[in-house]
Amino acid sequence: MTKQELELEAERERIHRQMLSSVSHDLKTPLAAIIGSLEIFGRMREVLTPEKAQILLDTALKEAYRLDGFITNILDMAKLENAMVRLHLDICHLSTLLHDCVEKSGQRLQGSHITIAPIDQKLECKTDAALLCRAISLLIDNAIKFSPEQDSEVRLSAYAQGPRLVIEVSDNGPGIPEDKMEEIFSKYTRIKRQDHQNAGTGLGLPIARSIAQLLGGNVLAANRPDGGALFTLYIPLAT
Ligand SMILES: Nc1ncnc2c1ncn2[C@@H]1O[C@H](COP(=O)(O)OP(=O)(O)OP(=O)(O)O)[C@@H](O)[C@H]1O
Ligand SMILES: [Mg+2]
């Protein structure tokens with residue numbers, strides 16, 4: 001091996017180690033919280049007040065959902081990277097699809113308000129509705145997660161632009177630093193912010209982009225002129 005090849009190999013190994021440590025930390029943290037809460041519940045159930053018992057169960061359930069999300073993301077990414085995802089193309093009605101996506105995000109809304117801009121009722125697209133909905137849901141998840149807890153404004157819109165269907169998800173959070181617009185689509189990339197503890201595995205955007213590309217389009221990040229992030233997903237209207 002040449003010196004350059006050796007350096008490249010060492011860099012690849014370093015990144016691999018970093019990913020493994022990040023993933024195992026992300027998986028172990030919620031698991032430790034689930035085990036801890038259930039152990040205390042099991043050992044002390046006789047003496048716990050109903051309120052304290054409920055807090056322990058709520059914590060275990062919340063962390064179990066978080067773990068479920070991490071594992072789903074890791075498996076989805078692996079399937080997309082190994083070309084194991086089959087497309088099921090059908091005519092899909094955009095107004096119905098966006099309302100379905102919002103409904104699926106319901107559990108994570110925590111008081112956030114999502115507005116769907118008026119959509120041309122005839123707007124349709126031939127695509128894989130389940131995959132498109134998964135990609136949109138990942139963008140909605142981020143918009144909710146990175147918006148202020150109070151007075152968050154998440155907005156969805158869909159329109160045709162020439163041969164393309166364009167879907168926009170915007171929020172009134174901190175936005176994306178200009179030099180990170182592409183980096184955030186790399187696996188396990190999260191922007192470090194002292195004031196935000198909400199970051200997840202860093203797989204949501206890579207998955208959303210892989211899905212959009214599989215459907216013949218892409219996802220791009222930008223900031224709104226008046227603050228907040230704006231994610232634009234586009235795919236062909238017909239395949
Ligand atoms: N709407 C947004 N506003 C501000 N920052 C965002 C937004 N969406 C994504 N980001 C930044 O991009 C990073 C990567 O997003 P991504 O969805 O890939 O990962 P995540 O949300 O941290 O974890 P996961 O989606 O796996 O739970 C986020 O950690 C965050 O720093
Ligand atoms: Mg995310």
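For residue classes I count Ala, Val, Leu, Ile, Met, Phe, Trp, Tyr, Cys and Pro as nonpolar, Asp, Glu, Lys and Arg as charged, and the others, Gly among them, as polar. I am working on a predicted model, where local features need pLDDT of at least 70, side-chain atom pairs count only at pLDDT 80 or more, and totals for chains, interfaces and linings use all residues. Residues are numbered from 1 along each chain as written, chains are lettered from A and ligands numbered from 1 in written order, and side-chain values use heavy atoms, with hydrogens and water left out.

**Entry: overall layout.** I found 5 helices and 7 strands in the protein. These are DSSP runs numbered from the N terminus (helices H or I, at least four residues; strands E, at least two). From the N terminus the order reads α-α-β-α-β-β-α-β-β-α-β-β. The C-alpha atoms fill a box of roughly 65 × 60 × 40 Å along the principal axes.

**Entry: ligand 1.** I looked up the shell, meaning residues with a heavy atom within 4 Å. It holds 22 residues, and Asn142, Lys145, Asp171, Thr201 and Leu205 are the closest. By class I get 10 nonpolar, 8 polar and 4 charged. Helix H4 (129-145), helix H5 (204-214) and strand E7 (229-236) each supply at least two residues. H5 gives the most, with 3.

Next I checked polar contacts (N or O pairs within 3.5 Å) to the ligand. A polar side-chain atom of Asn142 sits 2.8 Å from a ligand oxygen. For the side chain of Thr201, an N or O atom is 2.7 Å from a ligand oxygen. Gly204 uses a polar backbone atom, 3.1 Å from a ligand oxygen.

**Entry: H2 against H5.** How do the axes of H2 and H5 cross, and at what angle? I read roughly 35° for H2 (residues 50-81) and H5, with the axes coming within 10 Å. The axes are lines fitted to C-alpha atoms over the stretch in contact, and angles run from 0 to 180 degrees between N-to-C directions. The crossing is left-handed: the near helix is turned anticlockwise from the far one by less than a right angle. On H2, I list Asn73, Asp76, Met77 and Leu80; they meet Gly204, Pro206, Ile207, Ser210, Ile211 and Leu214 of H5 (heavy atoms within 4.5 Å). This contact has 6 nonpolar, 3 polar and 1 charged residues.

Note on methods:
Polar contact = N/O pair within 3.5 Å; in protein donor to acceptor, adjacent residues only side chain to side chain.
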